[in-house]
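Visitor: Could you take me through the pocket region of this model in detail, with its lining, the annotated residues and whatever enclosed space there is to describe? I would like the cut-offs behind each term as we go.

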Amino acid sequence: MPVATLLPFTATPNRKSASPTSFRLTEKFILLLVFSAFITLCFGAIFFLPDSSKLLSGVFFHSSAVETNTHTGPDSSDAGSAGNDDRLLAKIKKDHEKALLEAKDTLQKLPDVIQNDILADKAKVTKESMGKGGKDGNNLPFIEYHRPPGATGLEPQDPETRERRAKIKEMMKHAWDSYKRYAWGSNELRPVSKHGHSSNLFGSIKGATIVDALDTLYIMEMFEEFDAATDWVEKSLDFNVNAEVSVFEVNIRFVGGLLSAYYLSGKEVFRRKAVELGEKLLPAFKTPTGIPWALLNLKSGIGRNWPWASGGSSILAEYGTLHLEFMHLSRLSGNPEFAQKVMNIRKVLNRLEKPQGLYPNYLNPNSGQWGQHHVSVGGLGDSFYEYLLKAWLMSDKTDEEGKKMYYDALQAIETNLMRKSTNGLTYIAEWKGGLLEHKMGHLTCFAGGMIALGADGAPGDKTGHQMEQAAEIARTCHESYARTTLKLGPEAFRFDGGVEAIATRQNEKYFILRPEVIETYMYMWRFTHDPKYREWGWEAVQALEQHCRVEGGYSGVRDVYALSPNYDDVQQSFYLAETLKYLYLLFSEDDHLPFEHWVFNTEAHPLPVIRKDKTDRPNEVE
């Protein structure tokens, strides 16, 4: 008899006594009749129904297949048949007794206990049905998820700091709500004209702002907005497109954003989507050297490089900014190919002679030789150096190769590119075939934070020296803001012709909501707690509010030296991913995404440190 038909006898909701053993006399009598009928039915079936042993064992008792002599031809002997019949009867009797005991035990359980047992059995069957190697329906290994410390932080104790952080959260809400209202599902927002905007960097993939903003929403505890974004990712984020994408941009924004959202929330949809996209990027590495193409058609798997890039070269900051994400993809997918691809890039680089110890921005993926000897810590080069350091930190400081490559490169940068202006401003110039161009890009301003982050691990007694360098770069980048009319930094600024930290060319005067200066302020605050970094950050907040905020979101401006802003009408996805996140963390306590547990990718997506003591448990996330 099915368990469900017996449940009414165990539940007594209208009485104080709900004990499963407290039956009235009539209930006991009914139970006795039920069991008597059940026993009569079973024994009747044994003696009167043909082949009843199979019926009973296979249907009623769910026992393993009864071993029977299936030969019915003339070779079967009467003696053998009699022996088999005796064994069958004994097994049926044993299974029958077992079933009676299980039924009696079930009758003594409360309904809630029975329901929990059913759910546990279902979970067990589901897990067992997911195939060999602990794989789920998407062929991913089971991960025992543990949220790393500091996903959300405590409120700042200082009232002014708390108020300023709340203001930054309000800025995030304005940017997000405007995007949702006017451009939902598009890659980015045009906040002045109030409609969607899509860059060709993402091909036909949609939703860059949604994926880029996921972790910022979570970190700021905007959980209602985070849930709406999660729902869009699950239902609408589609990588099955016949379009060419930037491998670099799709990796840092989409793969990085999805990985970070997974590690913060534990939601499996983000892991699945990250691995799915990562697998679609793997054909980019099909070159003679394994140095990936810059552009890839996600459907055909055909790649190429930017036509302007030094004779079809790959770009240092692009092929060198895959390491963090691909190491985590291997960890979460169980597929070592992701890690192998990025480790091979290092092998290629280590075989090459570096001019003055520097890494040129261009490398031919066919020949494996450098292109033009142009070196920059800004555009085309920047995040390569960042990822060398962060690969070492993310490995729980076990990646000695990454560590050595970083500190060797930093020494070459200090020797060949770092200079002081007449009035004492430290800047990082660009190197073109042995000649210096005394220009520093806004992108280069991230280096202050990078050098501060790596100072503690510097070789010898260089920790203090590197912290001084970081502070000097932070000051120079602050000056690039302070010397403009709008108090926002230009795309690039120069140190020549009597000019210091000022853009002299019209095509370098724009500001597109970039984060690098704020990023350096955040790192410097964490390592020094010097209040000037928070003050400088607050100056930037006031300038953003005064000159970039419009009714439909936030817009970049075309000339930071103009008396009034001329909007470029684009709210970049990285404004939500990076600029507002770094501002929020600048005014947060140090327990919020602490550096000993998290490393930020170059799009400010936090990824957890992979603990060396977890290597024996690859299916567990710290």
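Guide: What follows goes from the pocket to its annotated residues, and then to the cavities and the chain as a whole.

This is a predicted model, in which local features need pLDDT of at least 70, side-chain atom pairs count only at pLDDT 80 or more, and totals for chains, interfaces and linings use all residues. Residues are numbered from 1 along each chain as its sequence is written, and side-chain values use heavy atoms, with hydrogens and water left out.

The largest pocket has a volume of about 1100 Å³. A pocket here is an open set of points on a 1 Å grid over the protein atoms alone, with protein on both sides within 12 Å along at least five of seven lines, whereas a cavity is a set of points where a 1.4 Å probe fits but cannot get out; lining residues have an atom within 4 Å of a point. Grid points are joined across faces, edges and corners, and a volume is the space filled by probe spheres set on the points.

The lining of this largest pocket consists of 46 residues, and those nearest its centre are G379, L380, L443, E491 and R514. Two or more lining residues come from each of helix 8 (247–265), helix 10 (316–319), helix 13 (382–394), strand 11 (430–432), strand 13 (439–441), helix 17 (516–528) and helix 19 (573–586); helices (H or I, at least four residues) and strands (E, at least two) are DSSP runs, numbered from the N terminus. Helix 8 provides the largest share of the lining, four residues. By residue class, the lining of the largest pocket holds 16 nonpolar, 13 polar and 17 charged residues, where Ala, Val, Leu, Ile, Met, Phe, Trp, Tyr, Cys and Pro count as nonpolar, Asp, Glu, Lys and Arg as charged, and the others, Gly among them, as polar.

The UniProt record, an unreviewed entry, lists E249, D382, E491 and E516 under "active site". The lining of the largest pocket includes E249, D382, E491 and E516. UniProt positions are given in the numbering used here, with feature names shortened, and annotations may be inferred rather than shown by experiment.

Among these residues, E249 sits in helix 8 and counts as buried because its relative accessible area is 14%; buried means under 20% relative accessible area, exposed over 50%, and partly exposed in between (1.4 Å probe, protein chains only). Apart from neighbours within four places in sequence, E249 is in contact with L201, F202 and F254, contact meaning heavy atoms within 4.5 Å.

E491 belongs to the loop between helix 16 (463–482) and strand 14 (492–494), and is buried at 13% relative accessibility. Not counting residues up to four places away in sequence, E491 touches G441, H442, E508, Y510, I512 and R514. E516, in turn, has its place in helix 17 and is buried with a relative accessible area of 8%; with residues up to four places away in sequence again left out, E516 touches H442, L443, C445 and F446.

A further UniProt annotation from the unreviewed entry, "binding site", covers T602. T602 is found in the loop between strand 17 (598–600) and strand 18 (606–608), and its relative accessibility of 18% is why T602 counts as buried. Beyond four places in sequence, T602 touches I252, T321, S383, E386, Y387 and E578. The side chains of T602 and E386 make a polar contact at 2.9 Å (a pair of N or O atoms within 3.5 Å; within protein, one must be able to donate a hydrogen and the other to accept it, and residues adjacent in sequence count only if both atoms are side-chain atoms).

The largest cavity contains about 110 Å³ of space, and its lining includes Y319, H323, F384 and Y387. Helix 12 (337–351) and helix 13 each give two or more residues to that lining, with helix 12 supplying the largest share, four residues. The lining of the largest cavity divides into eight nonpolar, two polar and one charged.

The second largest cavity has a volume of about 60 Å³, and V247, W293 and Y319 are among the residues that line this second cavity.

Across the chain, the secondary structure comes to 19 helices and 18 strands, and 55% of the 622 residues count as buried.
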